[in-house]
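Trainee: Please take a close look at one part of this model for me: the salt bridges and what surrounds them.

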Amino acid sequence: ENLKVWPYIYKHGLAVACMLQGVSEEVVDSFVRYHWVTGWNHVFLFFDDPDDPSIRHAKSLEDYAQSKKMAGAGLSVHRMDASWWEAAKARSRFYQRQEKNDFYEGVCKKQPADRSARKLIVADLAILEAHEMGIDWFAFLDIDECIFVPRMQDCSSRRFFGSKERSVEAVRLWNHEAVPEDSECGDWFRECTLFQLNRQHCHGFHPPREYDSLLRKKEGREFEPEAPNQDTAWWDRLFGQIYLRRQEATKRLKLNLPGSRADRPIVEGVPTKGPLVETFCGFFSYEDGKMIVRLNRHLPPPIPNSKHSYLADNGLMLQEVYQANKSDDAVILHYPNAGMTNWRRRYETSGSCSSRASAWPSSRLPLASHAVVSSGSRRDQDLFYRTFIMQNEHNEMAYLAEHGLVTRLEIVRNILYDYDNPQAPPEQLPGQTTWVDPKSGLKL
């Protein structure tokens, strides 16, 4: 009810879907309302736990949207219980095609125990429903993510995606990663404002072609290090200093991770005590962004290939993908592990993690988190969280800020705070004020 009258009219419909579990009502509220007010017409929420306490508040938002008949803003809440799964198996393209392709069969077999597999099935069902609604652009996010459009585009997702050429079938948004400044966090959308920049938005880096990325994955080369590049050597040298600084903390933690060690950045100089041990720097989570796809009402919608990309319904690659790495392009703001309590709870319940190494920056940080949380030592957990998640045990944030690799974005928080309160009446400009004489009714 506090929404401003939007000054533009866009014909494009946008929908965002999310599978979530175990987050607070405040986070659910912020996720839904932020995407509503930034131009997303419909939000799909799929609760992995059908008894999740936050369903109550999500349902109240759904009922409010329906009762108020909010123009251009809707919400669908799904409990992923036994009856939901029965209907999902009858409709999902993964189950319909599991006998025709090993990929689909693998997703269906892993679904009961693998959260990532369930996300692919949920994304498929959500995009099918969005396609039936006549939606033009579809995004699948995690509950700790949101899509941010800069002020120069009025913070409007509809304006950003509606400006793309008709030939563009998808847009890849690159993600910035939030760096928590406090050890505890309730609603990360309101409390985290410091972000580490994605390298694809930095000097010398160029986004890879979608075909090259898919080919590397099919050939098993997705974790191989890239060839040296003089234009990006500064990045390795910069993070090499952080790599050296974190040696002492890693030795104190006594991490002994299974699998092959991840590649490390270029290290200038050798520490004085002992050999180098495996440590981590850079993003905690993924950094290859996510794809937002266009839906054509005359063709079947794309099908998820991973949580980061899609293929056409016939299994072929999407022909034209816009790489959004310009200064005025939208980005995904990712808030992984905001708050030590949330981080600890996540890795207490996540089970064993993959030990497979990736090209640096390492994806073995979740494996290290699981090892530290499983150890039960609060002292080690505090040291790990300050060093690798808050990234400020050795003043790394000041060092990265000096080189322009962190930025402060308060617009998400400000948008939510702005719509918490009724809008102030517009200012009466000189010459536009109306006065009515109470006796004669004369209007001036």
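Predicted model: local features only at pLDDT ≥ 70, side-chain atom pairs only at ≥ 80, totals over all residues.

Mentor: R297 is exposed, because its relative accessible area is 55% (exposed is over 50%, buried under 20%, partly exposed in between; 1.4 Å probe, protein chains only). Its salt-bridge partner is D136, and the closest N and O atoms lie 3.8 Å apart (salt bridge: a Lys or Arg side-chain nitrogen within 4 Å of an Asp or Glu carboxyl oxygen). D136 is buried, because its relative accessible area is 13%.

Numbering starts at 1 along each chain as its sequence is written, and side-chain values use heavy atoms, without hydrogens or water.

Now place the pair. R297 sits in the loop between β9 (290-294) and β10 (303-304) (strands are DSSP E runs of at least two residues, helices H or I runs of at least four, numbered from the N terminus). D136 sits in the loop between α6 (115-132) and β4 (137-141). The two residues are 161 positions apart, so the pair links distant parts of the chain.

That pair belongs to a structure with 24 salt bridges. Side chains of opposite charge can pair when their charged atoms come close. Take R386 and E393: their side chains meet at 2.9 Å, N to O. R386 is partly exposed, with 33% relative accessible area. E393 is partly exposed too, with 28%.

Next, R413 and E410. The closest N and O atoms of this salt bridge are 3.4 Å apart. R413 is partly exposed, at 23% relative accessible area. E410 is also partly exposed, at 34%.

Then there is a network. Salt bridges link D29, R33, D187, R190 and D420.

Helix α1 spans residues 25-37, its axis comes within 10 Å of the α16 axis, and the two cross at roughly 90° (axes are lines fitted to C-alpha atoms, for helices over the stretch in contact; angles run 0 to 180 degrees between N-to-C directions). The helices are therefore roughly perpendicular (65 to 115 degrees).

For contrast, look at a histidine. H334 lies in strand β13, residues 331-334. H334 is buried, because its relative accessible area is 3%. Leaving out residues up to four places away in sequence, H334 touches D144, E145, N175, H176, E177, A178, F195, S285 and Y286. H334 and E287 are 47 residues apart in sequence, and their C-alpha atoms are 9.6 Å apart.

Last, the whole protein. The secondary structure comes to 16 helices and 14 strands. Of the 444 residues, 52% count as buried. Among contacts with a separation of 6 or more, 77% come from residues 24 or more positions apart.

Note on methods
Parallel < 35°, antiparallel > 145°, perpendicular 65-115°, else oblique. Contact = heavy atoms within 4.5 Å.
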